[in-house]
Amino acid sequence: MTFARLATATTPTCHLGLGLAAVARPGYITLGRDEDLGENRSVEALRTRSHELLDAAYFQGVRYFDVARSYGRSEEFLADWLHARPDIDDVVIGSKWGYTYTAGWSADAETHEVKDHSVETYDRQRAETAALLGDRLDLYQIHSVTPDSPALTDKELHARLADEAARGTTIGFSTSGPAQADAIRAALTVTVDGEPLFRTVQSTYNALETSAGPALAEAHEAGLTVIVKEGMANGRLAAPHAPDALKAVAEETSLGCDAVALALVLRQPWAGVVLSGAATVTHLASNLHAAVVDLDEGQLNRLAALVEDPPAYWATRGQLPWH
């Protein structure tokens with residue numbers, strides 16, 4: 001399995017990954033992103049920024065990079081970076097299909113992405129991904145599976161994905177929404193010819209939204225690699241937006257709110273890779289300090305009090321503006 005590559009890594013940051021969702025398109029739902037990116041959101045400006053982040057992440061020990069068909073030009077930017085650095089052969093590359101980017105490189109588009117988990121969309125997007133990433137793709141994930149997703153029951157799609165797995169690509173899925181746990185447990189039952197189809201799961205888990213935790217532990221126990229996204233709650237856990245309790249714990253550790261928030265996720269025994277969605281090299285460096293944060297029981301108890309009711313958390317997320 002491709003994630004066995006990470007097991008041989010020895011850097012403190014090898015269980016942290018970098019996602020390009022926030023830097024490969026002009027609009028995204030992260031608080032503070034306007035300040036981070038500034039006014040120049042041209043393709044070349046964001047290509048350069050993505051490459052700077054990839055360089056910084058790699059040379060600080062990060063070995064997993066995460067993109068998606070719907071993240072603007074993320075696959076293209078990552079492919080360019082890999083092509084320019086042919087000596088880098090120890091990274092794991094994951095992408096996702098199931099959403100189509102529709103914003104036309106505008107931060108003000110009425111619709112930024114359209115979801116479709118049909119076989120037709122898979123066939124089209126798999127070809128698009130192959131054209132950019134070729135044999136560098138290690139992991140292909142269904143994007144944002146929910147309990148009602150047809151991807152959980154479509155046997156023709158399962159056969160396509162099993163064929164892809166037989167050719168060496170790891171197959172996974174991501175989740176979102178207040179019923180993540182139900183989606184995870186449903187996906188764990190999906191088999192092809194008696195064998196589990198999915199080998200990874202990527203879910204939202206952070207100090208405010210922990211409801212997927214028990215299901216992610218079950219997935220880990222079943223042998224799946226767990227990837228955690230949105231550990232910063234789309235910027236809600238970063239200074240200056242962080243809750244007072246998180247700010248206080250960060251001050252006690254002499255590190256940033258972001259490092260503490262990501263450390264809280266890293267300490268979960270089932271967490272295989274925790275993603276940073278940093279938009280600047282400075283923020284990335286701060287995120288990576290999560291690997292050295294040590295939280296005591298008192299601090300953990302204070303942070304545990306931040307947990308929100310899942311429907312309320314996702315309603316708040318749904319109201320965040322596209323910056």
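**Figure 1. Aromatic pairs in the predicted model.** A search of the whole structure finds 8 aromatic pairs, a pair being two rings of Phe, Tyr or Trp (its six-membered ring) whose centres lie within 6.5 Å, with planes under 30 degrees apart counted as stacked, over 60 as edge-to-face and the rest as tilted. Tyr58 and Phe59 form an edge-to-face pair, at 5.4 Å centre to centre and 85° between the planes. Tyr58 counts as buried at 12% relative accessibility, whereas Phe59 counts as exposed at 66%; buried means under 20% relative accessible area, exposed over 50%, and partly exposed in between (1.4 Å probe, protein chains only). Ring pairs link Tyr58, Phe59, Phe65 and Trp81 into a cluster. The model is predicted, with local features requiring pLDDT of at least 70 and side-chain atom pairs pLDDT 80 or more, while totals for chains, interfaces and linings use all residues. Residues are numbered from 1 along each chain as its sequence is written, and side-chain values use heavy atoms, with hydrogens and water left out.

**Figure 2. The ring pair of Tyr205 and Trp270.** The ring centres of Tyr205 and Trp270 are 5.0 Å apart and their planes stand at 85°, so the pair is edge-to-face. Tyr205 lies in the loop between β10 (200-204) and α8 (213-221), and Trp270 in the loop between α10 (257-266) and β12 (273-276), so the pair ties together parts that are 65 residues apart in sequence. Helices (H or I, at least four residues) and strands (E, at least two) are DSSP runs, numbered from the N terminus. Both Tyr205 and Trp270 are buried.

**Figure 3. Arginine side chains over aromatic rings.** Arg63 lies over the face of Tyr58, at 3.8 Å from the ring centre. Arg73 lies over the face of Trp105, at 5.8 Å from the ring centre. A charge sits over a ring if NZ of Lys or CZ of Arg is within 6 Å of the ring centre and within 35 degrees of the ring normal.

**Figure 4. Strand β7 and its partner strands.** In strand β7 (residues 170-175), 6 of the 6 residues are buried, so the strand is largely enclosed by the rest of the structure. Thr170, Gly172 and Ser174 point one way from β7, and Ile171, Phe173 and Thr175 the other way. Strand β6 (residues 139-145) runs parallel to β7 and is joined to it by 5 bridges, where pairing requires that DSSP finds at least two bridges between two strands. Leu139 stands opposite Thr170 in β7. Strands β7 and β10 also run parallel, joined by 3 bridges, and Phe173 stands opposite Val201 in β10.
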